[in-house]
Amino acid sequence: MEMYLTGKTALVTGSTKGIGKAIAFELAKEGVDVLINGRNEAVVLDVVRELKEQYPMTNPLPAAFDIATIDGTNQLTKAFPEVDILVNNLGIFTNSDYFKLTDEDWKHYFEVNVLSGNRLAQFYLPKMLVKDSGRIVFIASEVAVMPDEEMPQYSMSKTMQLSLSKTLAKLTKGSKVTVNTVMPGSTMTEGVVEMLENWFPDSTEDLVEKGRRFMSENRPHSLIQKFIEPEEIGRMVAFVSSPMASAFNGAAIRVDGGLVPTLY
Ligand SMILES: NC(=O)c1ccc[n+]([C@@H]2O[C@H](COP(=O)([O-])OP(=O)(O)OC[C@H]3O[C@@H](n4cnc5c(N)ncnc54)[C@H](OP(=O)(O)O)[C@@H]3O)[C@@H](O)[C@H]2O)c1
């Protein structure tokens, strides 16, 4: 499907690995110039190089800033004052014992998973509204609507993203700007590989076995009973970022392999 995205500029936060990287590549495939973000400059430059090699007609640029901080965000927005598409993908996650979580843990998740994207939206949304053009996409998770007792602070942060995204969508009323959320289910990324190691600390199973066990024991509702590939999320984000998705606004879109068992 022609997405009419050629020549647009997108900032994808947390895009040196996993879902963010896949989103960046799917957007570049559609001709988008992507700003690659992560905290490690060398890694960011490697991804920019890889992207340029694969999609030479596009102009990917490095945006190596720690956007969990106000300083890092200010540096990024100063370097890149305009974008057509903002994908708030950055998010941290781990399994945690609720009874051991401290206030600092809760605040950290709020800072990284909610405030980072909110700061960027607060900066870019007014500019998009003036241009009457733009897309903001939050990457939440199925736990936004199905909180996980093994990831309490993460679940909270993802539900907050849904609320925030809906509020921002309301601020676009009557314009051609849209704000939506994509909710991936369990997706096989570098972050998940690390999470699986911690989930079964004493297991001698290989990654494939651990993944299979995780799905059957911890995600029994999944209809596909396998981890989603990051590209599958990337394709949906490219669509939602395109003019073809003009009727999607304030939506929470599930790409979860049927994980959420409810109708809504
Ligand atoms: N994987 C899943 O199963 C799954 C399911 C549902 C939702 N999600 C959501 O999808 C998003 C991406 O998850 P993922 O699994 O792809 O993550 P990931 O593999 O852990 O990748 C995280 C990315 O974020 C960057 N990053 C981390 N902290 C940063 C900071 N402070 N500033 C800038 N960049 C930073 C990392 O690079 P550096 O470390 O080099 O900075 C890396 O590029 C998250 O919001 C997550 O909640 C994931």
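Modeller: Before we start, one definition: helices here are DSSP runs of H or I with at least four residues, numbered from the N terminus. Keep in mind, too, that this is a predicted model.

Biologist: Thanks! With that in hand, where does Gln 225 lie?

Modeller: Gln 225 sits in the loop between α7 and α8, and α8 covers 230–240.

Biologist: And why is Gln 225 called partly exposed?

Modeller: Its relative accessible area is 34%. Buried means under 20% and exposed means over 50%, with partly exposed in between, so Gln 225 is partly exposed.

Biologist: What is the phi of Gln 225?

Modeller: Phi is near 50° there, a positive value in a residue other than glycine. Asp 132 also has a positive phi, about 55°, although it is not a glycine. You will find Asp 132 in the loop between α4 (103–131) and β5 (134–139).

Biologist: Let's turn to Tyr 4. Why does Tyr 4 count as exposed?

Modeller: Tyr 4 has 52% relative accessibility. Exposed means over 50%, so Tyr 4 counts as exposed. Tyr 4 belongs to the segment before β1 (9–12).

Biologist: What makes Met 1, Tyr 4 and Met 244 a patch?

Modeller: A patch residue needs over 30% relative accessible area and no salt bridge, and nonpolar side chains such as Met and Tyr are joined within 5 Å. Met 1, Tyr 4 and Met 244 form such a nonpolar patch on the surface, together having about 380 Å² of accessible area.

Biologist: How do you know that the side chains of Asn 218 and Glu 150 are joined by a polar contact?

Modeller: The contact is 3.5 Å, and the cut-off is a pair of N or O atoms within 3.5 Å. Asn 218 lies in helix α7, residues 207–218. Asn 218 also touches Trp 199, Phe 200 and Arg 213, leaving aside residues up to four places away in sequence.

Biologist: Now the ligand. Which of the 30 residues around the ligand come nearest?

Modeller: Those are Thr 16, Asn 89, Tyr 154, Thr 187 and Thr 189.

Biologist: How far is a nitrogen atom of the ligand from an N or O atom in the side chain of Asp 66?

Modeller: That distance is 2.7 Å. An N or O atom in the side chain of Lys 158 is 2.9 Å from an oxygen atom of the ligand. For Gly 91, a backbone N or O atom lies 3.4 Å from an oxygen atom of the ligand. The ligand on its own has 890 Å² of accessible area, and the protein covers 91% of that.

Technical notes
Residues numbered from 1 in each chain as written. Predicted model: local features only at pLDDT ≥ 70, side-chain atom pairs only at ≥ 80, totals over all residues. Heavy atoms only, no water. Patch = residues over 30% accessible without salt bridge, like charges linked within 9 Å, V, L, I, M, F, W, Y side chains within 5 Å. Areas by Shrake-Rupley, 256 points an atom, 1.4 Å probe, with all protein chains shown as cover. Salt bridge = Lys/Arg side-chain N within 4 Å of Asp/Glu carboxyl O. Helix = DSSP H or I, 4+ residues; strand = E, 2+ residues; numbered from the N terminus. Buried < 20%, exposed > 50% of the residue type's maximum accessible area, 1.4 Å probe, protein only. Near = heavy atom within 4 Å. Polar contact = N/O pair within 3.5 Å; in protein donor to acceptor, adjacent residues only side chain to side chain. Contact = heavy atoms within 4.5 Å.
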